[in-house]
Amino acid sequence: MITKEMLKDYARKLMFDMDDNEYETLQDEFATILKQMELIENIPNIKETEPLFYPYISNETKLRNDEVNEMEMLSVSEVLANTDHQVRDQVKVPRVVDSDEL
C-alpha cells in the first residue's frame, strides 16, 4: 500500500509539493494500479509469457529506416538561441531531483 506519507517523501525528494487533495487522488490512483498488477499476476501462465517490447510490429507493419537529413539538423547556436539559460553550449535546466536524498 502506498501511504500519503510515502508520496510526500517522494515529492520532497523530487522537489515539488501538492495539496492534500492531490495526494489523496494520487494515493487512490496507486491503489488502482496495484490492484491491476495483482490481477495481471494471477493470469494463468503469465510468468511463461514472453514480454512484448513494441506493440505495433506485425507482418503488415514495417518501420521506416531512420535517415539523417542534414537539412533538418539545427546547429548548436540555433538551439541555444531559444533559451536564456545556457552553460558551455548546453541548455541549463533546473534541478528536479534532490540528489542528496536518493
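Biologist: Before that, what kind of model is it, and what are the ground rules?

Modeller: It's a predicted model, where local features need pLDDT of at least 70, side-chain atom pairs count only at pLDDT 80 or more, and totals for chains, interfaces and linings use all residues. Residues are numbered from 1 along each chain as its sequence is written, and side-chain values use heavy atoms, with hydrogens and water left out.

Biologist: OK, how many helices and strands does the chain have?

Modeller: There are 3 helices and 2 strands, in the order α-α-α-β-β from the N terminus. Those are DSSP runs numbered from the N terminus: H or I of at least four residues for helices, E of at least two for strands.

Biologist: And what share of the chain is buried?

Modeller: Buried residues are 8% of the 102 in the chain. Buried means under 20% relative accessible area, exposed means over 50%, and partly exposed is in between, with a 1.4 Å probe and protein chains only.

Biologist: Let's move to the helices. At what angle do H1 and H2 pack?

Modeller: The angle is about 110°, and the axes of H1 and H2 are 10 Å apart. That makes H1 roughly perpendicular to H2, a label for angles of 65 to 115 degrees; under 35 is roughly parallel, over 145 roughly antiparallel, and the rest oblique. The axes are lines fitted to C-alpha atoms, for helices over the stretch in contact, and angles run from 0 to 180 degrees between N-to-C directions.

Biologist: Which residues meet there?

Modeller: Lys4, Leu7, Lys8 and Ala11 on the H1 side meet Asp20, Tyr23, Glu24, Leu26, Gln27 and Phe30 of H2. Contact means heavy atoms within 4.5 Å.

Biologist: Which residue does Lys4 form a salt bridge with?

Modeller: Its partner is Glu24, with the closest N and O atoms 3.2 Å apart. Lys4 sits in H1 (residues 4-13) and Glu24 in H2 (residues 20-41), so the bridge ties together parts 20 residues apart in sequence. The rule asks for a side-chain nitrogen of Lys or Arg within 4 Å of a carboxyl oxygen of Asp or Glu, and the count comes to 4 salt bridges.

Biologist: Is that Lys4 buried or exposed?

Modeller: Lys4 counts as buried, at 19% relative accessibility, while Glu24 is partly exposed at 36%.

Biologist: What does Asp9 pair up with?

Modeller: Asp9 meets Arg12 at 2.7 Å, N to O, and Lys13 at 3.4 Å between the closest N and O atoms. Through shared partners, Asp9, Arg12 and Lys13 join into one network. Arg12 and Asp9 are 3 residues apart in H1, about one helical turn. Asp9 is partly exposed at 27%, and so is Arg12, at 42%.

Biologist: Switching to the surface: which residues make the nonpolar patch?

Modeller: Phe30, Ile33, Leu34 and Met37 make a patch of about 340 Å². Patch residues have over 30% relative accessible area and no salt bridge; like charges are joined within 9 Å, nonpolar side chains (Val, Leu, Ile, Met, Phe, Trp, Tyr) within 5 Å. Ile33 is in H2 and counts as partly exposed at 40%.

Methods:
Accessible areas come from the Shrake-Rupley method with a 1.4 Å probe; for residues, only the protein chains shown count as cover.
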